[in-house]
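Open the model in your viewer and keep the selection panel at hand. The stops below go from a pocket to a pair of strands and then to some salt bridges.

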Amino acid sequence: MKKPLGVILAGGQARRMGGGDKGALVVDGRSMLDRVIDRLGPQVDHLVINANGDADRFMEYGLPVCADTLPGYPGPLAGVLAGMEWAADKGFTHIVTAAADTPFFPKDLVERLQRTAETASTPIALAVTHEEGRTNRHPTFGLWPVNLRADLRVALQEGLRKVVLWTDKHGAASAAFDDGAFFNVNTPEDLAVAERLAQEARG
């Protein structure tokens with residue numbers, strides 16, 4: 001499988017952080033979006049940011065911005081759909097998504113998602129971790145085939161909002177990663193933890 005298009009999901013409303021773009025929050029001197037770009041960029045063919053509103057606020061990153069193609073902020077699946085539709089116009093067969101508020105995800109994310117999908121012969125692969133005796137799915141980190149975009153659009157227009165209900169319908173495979181691999185920033189307290197983790201990694 002050739003390298004997919006990378007889609008950074010930055011379209012959330014960040015209510016628990018007081019609104020605004022979570023990706024713009026600074027962790028150890030660099031924005032989270034910068035960190036996500038650095039991690040995902042080498043793993044994919046090209047990058048695009050999924051975000052709504054004024055695209056010019058992302059100009060400094062030098063990446064195209066694709067907005068949701070459905071109204072009303074229907075959730076992360078709308079970002080997946082926007083990425084699929086953008087990718088289809090550029091000739092890509094697959095996209096890989098990553099969340100803009102998760103700055104430390106694995107550097108082999110794409111390889112492992114692709115390998116999982118190929119081994120399981122499934123169209124979709126999602127990241128999972130096994131923490132404290134339970135399986136946690138991380139559906140904003142997934143491999144998605146562009147040819148399912150029409151199916152996804154219909155599901156969203158019919159009111160679907162929960163990601164796993166749609167992915168389970170298509171038999172998504174699970175790619176297992178280490179505990180804590182997808183630590184994300186939802187609150188000011190999480191941001192403080194991310195700052196500490198980044199400083200420890202830097203030494």
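Begin with helix α6, which gives the most to the lining of the second largest pocket, with 4 residues. The model is a predicted one.

**Stop 1: the pocket**

Select Asp28, Arg30, Arg35, Asp38, Arg39, Pro103, Phe104, Lys107, Leu197, Ala198, Ala201 and Arg202; these residues line the second largest pocket. Its volume is about 210 Å³. Now colour α1 (32-40) and α6 (188-202), each of which supplies at least two residues of this lining.

**Stop 2: two strands**

Next select strand β7 (residues 125-131) together with β9: the two pair in the parallel sense, over 5 bridges.

**Stop 3: salt bridges**

The count of salt bridges comes to 10. Three of them are visited here, among them the following pair.

Select aspartate 108 and arginine 112, which form a salt bridge with the closest N and O atoms 3.5 Å apart. Both ends are partly exposed: aspartate 108 has a relative accessibility of 29%, and arginine 112 has a relative accessible area of 22%.

Move to glutamate 111 and arginine 115, whose side chains meet in a salt bridge at 3.2 Å, N to O. Why are these two about one helical turn apart? Because they are 4 residues apart in helix α3 (residues 109-120). Arginine 115 is partly exposed, at 41% relative accessible area.

Finish with aspartate 168 and arginine 137, where the N to O distance of the salt bridge is 2.8 Å. This pair links distant parts of the chain, 31 residues apart: aspartate 168 lies in helix α5 (residues 163-169) and arginine 137 in strand β8 (residues 134-145). Aspartate 168 is partly exposed, with a relative accessible area of 43%; arginine 137 is also partly exposed, at 37%.

Terms used. Residues numbered from 1 in each chain as written. Predicted model: local features only at pLDDT ≥ 70, side-chain atom pairs only at ≥ 80, totals over all residues. Heavy atoms only, no water. Pairing = 2+ DSSP bridges. 1 Å grid on protein atoms, 1.4 Å probe; cavity = no way out; pocket = protein on both sides within 12 Å on 5 of 7 lines; lining within 4 Å. Points joined across faces, edges and corners; volume = space filled by probe spheres on them. Salt bridge = Lys/Arg side-chain N within 4 Å of Asp/Glu carboxyl O. Buried < 20%, exposed > 50% of the residue type's maximum accessible area, 1.4 Å probe, protein only.
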